[in-house]
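These are my notebook entries on a structure that was new to me. I recorded what I looked up, entry by entry.

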Amino acid sequence: MERSPERSTALADPLSDGAASGKAREHAEAKPAAMAGDAGGAAVKAARDPPAPLRLVANRTTDLPITGTSAPSEVPLGAATRAYAGLITAKIKRAATSAMGQARGHLARATWVTKASFARLGGGLRWLGTAGASMAHHWPRLRFSHVVTLVSLGALVVIGYLAYCIATLPINGGLQAEATQSALVLEADNGETFATRGVFKGDKLTAADLPPHLAQAIVAIEDRRFYQHRGVDLRGLARAVFRNAQAGGTREGGSTITQQLARLMFLSQERTLKRKVQEAMLALWLESQLSKDEILVRYLNTAFFGAGAYGADAAAKRYFGKRAKELSLGEAAMLAGLVRAPSQLAPTRNLGGAKERADTVLQAMADTGAITPQQADQARAQPVSLQTPPETPPGSNYFVDMVANDVRRLLGSSSGDLTLRTTINLQLQRLAEGVVARRLETEGRKKNVSQAALLAMRPDGAILALVGGRDYEASQFNRVTQARRQAGSLFKLFVYLTAFQRGYTPQSILVDRPTQIGDWEPQNHGGRFRGAVNLRTAFAQSINTIAAQLADEVGVAAVVDTAKRMGVQSNLPAVPSLALGSADVTMLEMTRAFAAVAAGVQSVEPYAVRAIKGGSQQALYTRPGVGPEASGRLGEARAMMTELLQAVVTEGTGKAVRLPNVTAAGKTGTTQEYRDAWFIGFTPELVVGVWVGNDDNELMKTVVGGDLPAAIWRDFVSRALPLVSGRGPVPQAAPT
C-alpha cells in the first residue's frame, strides 16, 4: 500500500518546524547557556542532540528515523499522536531549560558585582586604617606645636585686653556723681513734717564712729570673707556662679565690698566684661591703698539705701530719725538689707519686704558668729518703728516747688541736708484744694472754665495755702507764681492809690462820660454812663472811664511807679490802657499789693520759709521782721484805699463775698472778652486771691470777677477764718 502524500506532508511539518525552531533556539541560547555553568551546558547539549531513531509501525516501535522526508505510510494514527506529544514535551523541556539557564546567568552576574563591591569597601577601610595609623604616629609632635601657638595667641589677646582696660580706667576720680540739690525736709507752720525733696546725704562717718552692728551686718550679708580676701574673692565668685547655675538665673552676686566701692566711686553701672575687669583692678588697687576699716567706712558713706538716701547716716535719719551710730541691732540689719535692692526694699514703700530682708541679715550675722542666735531672736522680737516723712500730698507740690526755688535764692548752692520750717497751714491747704476742686467740678463745664488758682497769706506776707492749678499731676505749671495774665480792673488799685497820694479823696467828683485818650476809647461794662460820680462810687462800681481819666490826670508813669513800689515786677507799658489792667502780671504780685494795703505798709514781701537748719541743726536762715508801716500821706492814702475796697464788698461788684460779722475788702477784675476773672480781698487775718480762666485763653461764658472767683473766695474764707483766728464758724450769706 502506497503512502499518501498529504499525510506525509502533515507528519513532516511539525518535525520540520520543531527542527528549525530548535536550531534557532540553540543559536540564541548558546551564550547564556555557556555562562550558566556545567549544569546549564549539559542541558543545552542534550537539547541539541536528535532523538533516537524511531520506527512507527502498528503496535510497535521500529528503527525508522523521523526526518524531514515523508513518514512511512504504514505508521498507524495512534503512533502519530504519541509522536506529536513527545515532540511537544521535548519543546517544553527545552524552553524551561533555557529559562533556567538565563536565571542562573543573572544570578552569577549579581554575585560578581556584590563580590567586587565588598572588595572595594575593604580597600577603603584598609586606606583609612593606614591613614589613621599615620596620624597617630605623627600626633604627639602636631599637638605640642599647635598648643604652644594657641596658648601664645590667647595670652596675647588677654594681655592686650587687660592693657586696654587699664588704659581706659577713669583718671582723678573717674565718673563722680554729679552734684545734686540738698535734701529738703519741709515742716508746716506747726512743726509737722509733710514733704521731702532731693537726695539725702547725711554726715560722713569715720572709722572712729563706725557703728559696730551696722558694719557687722554689712559684712555678713554682702561679703563674709571681707577680712580674708585682697579685693577679689575667687572662692565667693565660684560659689555665686554655682548657685546662680542651680537657680537658673542671677540670685547671688560675686562682687566683694571693695569691688562695689570701686564701682560706686569710679565706674558706671553698665553690665559689661570691661566694667567687671576694671572693677577687679580697682579693687586690688584700693586694697593696697586703704585699710579694711577705711574701705568699709567709705562704702557705708557712698552706698544708696533707697528713698533718696545716700550713705548710712542719711538713711538712718531718713528712716529712723536718728544718727547712724545710734541704730539698734534690728535697725542696722534693716539698713544692711537694703543695699542689694534699695528701690524695691525701701521701708517707705515696702516695709514687709524690708523686714523679711532684715531677718535674713540677722540670720547671716548669727551664722558668721557676729551675734548669737539669742541676740538675733531678741532683735526680731523688737519691732522697728519708722519715723519717715509721709509722701508729699499732690496738691501741696505747687507750694513745695516754690519753696525749693526760695531755698536756692536764700542760700545759693548747698550740699548738706536741710530742714525747713515753712509757713503753710496744712488745714488751710487741704481746704483750699477742696474748695477749688468742688467749684470747678460743679460749675467749670457749664461756664467753660478749666483752671483756677488760689493764694492765701497773712497780711505780713506769710503764705498759708497755695493752689497752683486744678491737678498738679496733670500740669506742674504754677498759675500763682508763673502765669502772667491781664489783671483787668484789679489794676485800678494802683490808679486810685496814686490819685489819693496826689490829693484826691473818696469824695472827689469826676464825670462818667465817653472818653478818648489819644486813639483809645475806654468802654464801661454794660455800655452806659452815669454822669458825675465820686471816686468811692466809681471804684465800687468799677467804672472804667473814671479810672482812665484819673490815670491820665495823675500820669500813667506815676501809676507804674506806685505798682512797682508795691511789688509788681512784671513789665508795665506806660500806655493809657494800663489803667484798666492791660498789662500781664502774676497772681502773687497782685495779692502782695493788696496785702500791703491790708497791713498798712509800703510793700509786703511774700514768704514761705521762716527758718532753715542744716544737718547738724545749726541755724542757716531766719526770716527777718516786716518792713516799716506806712505813715504820713502814704498812710492816709492806704486808709482811703481800704475804705474804697470795703465799698466794693458792701455795695459794689464784690457783694457776692459778703460774710456776716466779717469786715472784708477787695476788688473784682474781668478782662476783655471774659478771658480772665479775678477777686482779691482781705479780712484783718487773711489776704486771699482767686483767679479762674483757661490756659489757652479760650473765652469763658460771661464769667466776671463777682461770679465764680467771688464764690470760691467766700467758700474758702468762711471756713478758713475759724482756723486762723480762733473764732467760731462763720455763717454763710447768700450772695445778692
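**Entry 1: Overall picture**

Buried means under 20% relative accessible area, exposed means over 50%, and partly exposed lies in between (1.4 Å probe, protein chains only). The model is predicted, so local features need pLDDT of at least 70 and side-chain atom pairs count only at pLDDT 80 or more, whereas totals for chains, interfaces and linings use all residues. Residues are numbered from 1 along each chain as its sequence is written, and side-chain values use heavy atoms, with hydrogens and water left out.

I found 22 helices and 16 strands in the protein; these are DSSP runs numbered from the N terminus (helices H or I, at least four residues; strands E, at least two). Of the contacts with a separation of 6 or more, 67% are between residues 24 or more positions apart. Contact means heavy atoms within 4.5 Å.

**Entry 2: Aromatic pairs**

I searched the whole structure and noted 10 aromatic pairs. Rings of Phe, Tyr and Trp (its six-membered ring) pair if their centres lie within 6.5 Å; planes under 30 degrees apart count as stacked, over 60 as edge-to-face and the rest as tilted.

Phenylalanine 304 is partly exposed at 23% relative accessibility, and tyrosine 310 is partly exposed at 37%.

Tyrosine 398 and tyrosine 472 have ring centres 4.9 Å apart and planes at 85°, so this pair is edge-to-face. Tyrosine 398 lies in helix H14 (residues 397-411) and tyrosine 472 in the loop between strand S7 (463-467) and strand S8 (485-486), so the pair ties together parts 74 residues apart in sequence. Are tyrosine 398 and tyrosine 472 buried or exposed? Both are buried.

**Entry 3: A cluster and charges over rings**

I noted that Tyr496, Phe500 and Phe539 form one aromatic cluster. Lysine 667 lies over the face of phenylalanine 539, 5.6 Å from the ring centre. Elsewhere, the charged end of lysine 292 sits over the ring of phenylalanine 226, 4.5 Å from its centre. A charge sits over a ring if NZ of Lys or CZ of Arg is within 6 Å of the ring centre and within 35 degrees of the ring normal.

I then turned to helix H16 (residues 492-501), where nine of the 10 residues are buried, so the helix is largely enclosed by the rest of the structure. Among the buried residues of H16 are Tyr496 and Phe500. Just after H16, glycine 503 takes a positive phi of about 110°.

**Entry 4: Helix packing**

How do helices H4 (residues 212-222) and H10 (residues 329-338) pack, and at what angle? Their axes are 8 Å apart at an angle of about 40°, which makes H4 oblique to H10. Axes are lines fitted to C-alpha atoms, for helices over the stretch in contact, and angles run from 0 to 180 degrees between N-to-C directions. Angles under 35 degrees count as roughly parallel, over 145 as roughly antiparallel, 65 to 115 as roughly perpendicular and the rest as oblique. Among the residues that meet are Leu214 and Ile218 in H4 and Ala332 and Leu335 in H10.

H10 also packs with helix H12 (residues 351-367), at about 105° and with the axes 8 Å apart; the two helices are therefore roughly perpendicular.
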